[in-house]
Amino acid sequence: MFVWNGFDYIRLMRLGMEDRGADHAARVAVLGWCTTQYYAAVLRGLGAAGGLPVVTYEPEYSAVHQAVLDERSQLYEFEPDMVVFLTAVQGLRDLLMSVDLPDRPATATREADQLVSLIRRAAQIPGVTVVVNQLVVPYERTWGNFSWQVEGSLPNVVERINKRLRGVAAETANVHTVDCEHIASWLGKRAWFDERLWFHSKSFCHPEALPHVAGQALDIFRAVKGMGLKCIALDLDNVLWGGVVGDDGLEGIHLGDLGEGEAYVQFQRWLKELHRRGIILAVCSKNDDEKALEPFRSHSAMVLKETDMSCFIANWENKADNLRTIARRLNIGLDSIVFIDDSPFERNLVRELAPEVCVPEMPDDAADFVPYLESLNLFEAAEFSEEDRKRADFYRSNALREAEQEQFKTVDDYLTSLESEALFERFDDAHLPRIAQLVQRTNQFNLTTIRHSAEELRQFAEDPDYLPFYVTLADRFGDNGLISVVIASREADRVEIITWVMSCRVIARRLEEFVLDELVQVCKEIGVTQLRGTYAPTKKNQLVAELYERLGFRLVEERPDGGTAWELLVDEHAPSGAPIARKVLELDA
Amino acid sequence: MTREQIFGELSGVFEEVFGRPVELGEETTADDVEGWDSVMQVMLIVASERQFDVRFESSEIANAANVGEFVTLIESKRG
């Protein structure tokens, strides 16, 4: 995968100007109180370079209000997947400075109110992700350092508006902010603010900063769509510690204490922090297994433990093959792995043989690892839930299961040995956020790919004409959490499955058979005789094209777009015998 | 840096910005080059600043009369 490694904004802009997008491109509306062309070009350039083609729509200069408030405007006709609000603190600054100090907070509140109402309106566009650039705190400090003590000072007023924007993002699931203040301070505000370009062409920042600002909007989009990076595959020698453990021995490697060794400890702390967030860690090292494990088991300065590693591969095979093994064992795509290795040879080999993997260049000095990797913003999050925190554990148990599976003669023997237990329950409030996440993100095991909104899902829960169920799965290796959702609607003696999704984590566990058994049972209880289901093909859900056939449904309709409709007579369905026990929900007293 | 060298490097800047070789002469103006609009003008300015390690003033950002004049400007800034 493409990694934004340099600052060649001119090359990106040109690429963006040449690229005219494609049919399947992400549709991005760029609305700004400034010139939008430069940003839009860099956005398209980054999209084209990163395998996520982007087409943009930009209304007339500063016509943001008209575009958003007039429902017949081209913005709505464009049907954007993402709306970006490009704020320009320079314009706000000019407005604020025309107002006397006592009136400034009120003026700022009024401006913020307007902006927030535009954001809220745009967020109602079906399926849209809204990205708002937070303002960069102005460099003008009329009172010097004391400015923060003066209520109407520019830094104070702007910071208050930013806080408001973050508040809107916190309470609106599809609104996100780009922290431009962070980007500006990272690059240096003197580089960010180019007053000449603001006066001449209303550029909100120097074009050098654009790849960061636009890139992070795309990072957010990827995160929202579940296309973000999930796993870091790590080399060991000269990555997690200095030196070569096989040659230098446990006592000879640099780790801990002062100087070089401390840089590796800091890198490990950084990785551990990502692990806590739910990023999966894996080892991909050329080493003897035992030697590679020794520091994890016996070195007192190791921050990362063996159990933090969801998959541990140390051998002498080529690393592209090993990364494929990691992807298979964890059941994730190669394109969700980032590979960290100090050797240019290994990095290039992986880029050649497994081009889907994200392979950042690495600095020579371990002390530069964290600042460099942070500058790439590899791990954007669209949200953070309990489920995310546990994710690394899910994947670790997945890899253990995968390794054990090799010992069993038949898959069913193996599945039975797992002692699986599942919940099959009607939607409830506590589980709605995770249900929404699964419905929003699942691409492969997804029969109809209808992206129900959180509000719709809540309504299903309360509507007696709907049968909305979530499914969890646990076994002796660990808890997989909430991994499937099935929503059916009832009409007279017929029930139609309108949505059925399942996480890739639990494919090939016969869980779909369990779900059908339970659904049939529900149908019997409410006196329904017929169950219907539809398959609507997308680029990604080939996996379930034959699901209904496999489950014993009868084909009743074939559509020109390749879609199919299926039917099952409830009385003719025999229980599948899937080796999963239904668990009963224990309510807290 | 001689005038010829500046011309040579400026051709490189134009090629980088326009994505194709651009014929540059003393008398070339924005009207002679397809796509040289105000957006491209800013890109040419920032790309030239990077290439020649110079900084243009606000009054110099808008179109120079022709490429020859622009080269003279760069020459004077580099001293």
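## Parallel sheet of chain A

In strand 5 of chain A, T177(A) is the bridge partner of V132(A). Strand 4 (residues 129-133) and strand 5 of chain A run parallel and are joined by four bridges. Strands (E, at least two residues) and helices (H or I, at least four) are DSSP runs, numbered from the N terminus. The model is predicted: local features need pLDDT of at least 70, side-chain atom pairs count only at pLDDT 80 or more, and totals for chains, interfaces and linings use all residues. Residues are numbered from 1 along each chain as its sequence is written, and chains are lettered from A and ligands numbered from 1 in the order in which they are written.

Five strands of chain A make an open sheet with parallel pairing, in the order 2-1-3-4-5. Two strands pair if DSSP finds at least two bridges between them. Which strands stand at the edges? They are strand 2 (54-57) and strand 5 (175-178) of chain A; each has a single partner strand, so one side of each lacks a neighbour in the sheet. On average, neighbouring strands of this sheet are turned by 25° against each other, direction ignored.

## Helices on the sheet

Helix 2 (residues 37-49) of chain A packs on the sheet. It touches strand 1 (26-32), strand 2 and strand 3 (82-86) of chain A. Its direction makes about 165° with that of strand 2 of chain A. Angles run from 0 to 180 degrees between N-to-C directions, and axes are lines fitted to C-alpha atoms, for helices over the stretch in contact.

Helix 11 (residues 210-224) of chain A lies across strand 1, strand 3, strand 4 and strand 5 of chain A. It runs at about 150° to strand 4 of chain A.

## A helix pair in chain A

The axes of helix 20 (residues 432-441) and helix 21 (residues 454-462) of chain A come within 10 Å and cross at roughly 120°. The two helices are therefore oblique to each other. Angles under 35 degrees count as roughly parallel, over 145 as roughly antiparallel, 65 to 115 as roughly perpendicular and the rest as oblique. The crossing is right-handed: the near helix is turned clockwise from the far one by less than a right angle.

Helix 20 of chain A contributes L432(A), I435(A), A436(A) and V439(A) to the contact, and helix 21 of chain A contributes A454(A), L457(A) and R458(A). Contact means C-beta atoms, placed from the backbone, within 7 Å. The residues divide into six nonpolar, no polar and one charged. Ala, Val, Leu, Ile, Met, Phe, Trp, Tyr, Cys and Pro count as nonpolar, Asp, Glu, Lys and Arg as charged, and the others, Gly among them, as polar.

## Chain B and its interface

Helix 1 and helix 2 of chain B have axes that come within 10 Å and cross at roughly 135°. The pair is therefore oblique, and the crossing is right-handed.

How many residues of chain B are in contact with chain A? There are 12, meeting 11 residues of chain A. Helix 1 (3-18), helix 2 (38-52) and helix 3 (58-61) of chain B each give two or more residues to this side. Helix 2 of chain B gives the most, with six residues. The side of chain B that touches chain A has eight nonpolar, three polar and one charged residue.

## Positive phi in loops

E419(A) is not a glycine, yet has a positive phi of about 50°. It lies in the loop between helix 19 (411-417) and strand 10 (420-426) of chain A.

Notes
Contact = placed C-beta atoms within 7 Å.
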